[in-house]
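Please examine the following protein model together with its sequence. The paragraphs below lead from one local arrangement to the sheet, the cores and a loop.

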Amino acid sequence: MENKKISLLFVCLGNICRSPSAEAIMKHIVKKHGTEDTFIIDSAGLYGGHAGSLPDQRMRTHAARRGYQLLHKARSVTTNDFSEYDLIIAMDDGNYANLQSIAPTVEARNKVVRMADYLEHYQNDTIPDPYYGGADGFENVLNLLEDACEGLYKKQTKSNI
């Protein structure tokens, strides 16, 4: 068994809806499996305008109904994140392209992956931004993130533990 922790950084545009939700869901999954000591989990955004803010109130409300507390304070992705995290997980193609463009090295670019690639039960190719939509959008995102986080957990624990 390897002692190195698996470090995951979830990224969306503002770090107030999708990525803090993915962070909370992943933390819930690792706690449920008793593997908290194996993971480092965080989230960040590509847009810094919400830095220091709690996640969107609508997302916090929908997440709380499922037992997730979204307490993360928004922050921007930094160049250091590319060296500190094993995987940098983009919520959509725009996030993926932006992360690829700011990655400082080829090795760093190779750490950038798409969240939708870990979906097991849904056929989406992206985790859509619910910010400008209604309640259904937030519920859909939570469904997708629960599925993708389970898939990501299985893949990481299978290859690293």
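Over the ring of which residue does the charged end of Arg58 sit? The charged end of Arg58 sits over the ring of Tyr131, 5.1 Å from its centre. A charge is said to sit over a ring if NZ of Lys or CZ of Arg is within 6 Å of the ring centre and within 35 degrees of the ring normal. The charged end of Arg114 is likewise placed over the ring of Tyr96, 3.6 Å from its centre.

The model is predicted: local features need pLDDT of at least 70 and side-chain atom pairs count only at pLDDT 80 or more, while totals for chains, interfaces and linings use all residues. Residues are numbered from 1 along each chain as its sequence is written, and side-chain values use heavy atoms, with hydrogens and water left out.

Tyr131 also takes part in an aromatic pair. Rings of Phe, Tyr and Trp (its six-membered ring) pair if their centres lie within 6.5 Å; planes under 30 degrees apart count as stacked, over 60 as edge-to-face and the rest as tilted. The count by this rule is two aromatic pairs. Tyr131 and Tyr132 form an edge-to-face pair, with 4.8 Å from centre to centre and 85 degrees between the planes. Buried means under 20% relative accessible area, exposed over 50%, and partly exposed in between (1.4 Å probe, protein chains only). Tyr131 is partly exposed because its relative accessible area is 29%, whereas Tyr132 counts as exposed at 78%.

The next subject is the sheet. Helices (H or I, at least four residues) and strands (E, at least two) are DSSP runs, numbered from the N terminus. Two strands pair if DSSP finds at least two bridges between them. Four strands form an open sheet in the order β2-β1-β3-β4, with parallel pairing. β2 and β4 stand at the edges with a single partner strand each, so one side of each has no neighbour in the sheet. From one strand to the next, the twist averages 25 degrees. Axes are lines fitted to C-alpha atoms, for helices over the stretch in contact, and angles run from 0 to 180 degrees between N-to-C directions.

β1 and β2 pair over seven bridges, and Phe10 stands opposite Ser43 in β2. Six of the seven residues of β2 are buried, so β2 is largely enclosed by the rest of the structure. β1 and β3 pair over four bridges, with Leu8 opposite Leu87 in β3. Helix α1 packs on the sheet and touches β1 and β2; its direction makes about 170 degrees with that of β2. Contact means heavy atoms within 4.5 Å.

A nonpolar core is a set of buried Ala, Val, Leu, Ile, Met, Phe, Trp, Tyr and Cys residues joined through side-chain atoms within 4.5 Å. Of the 37 residues in the largest core, Leu8, Phe10, Met26 and Met115 touch the most other members. The largest share of this core, nine residues, comes from α6. Leaving aside neighbours within four places in sequence, the contacts of Met26 include Leu8, Phe10, Phe39 and Ile41.

Finally, Pro128 lies in the loop between β4 (112-114) and α6 (135-160). Pro128 counts as partly exposed because its relative accessibility is 29%. Not counting residues up to four places away in sequence, Pro128 touches Arg18, Asn140, Val141 and Leu144. The C-alpha atoms of Pro128 and Cys12 are separated by 9.8 Å, although these residues are 116 residues apart along the chain.
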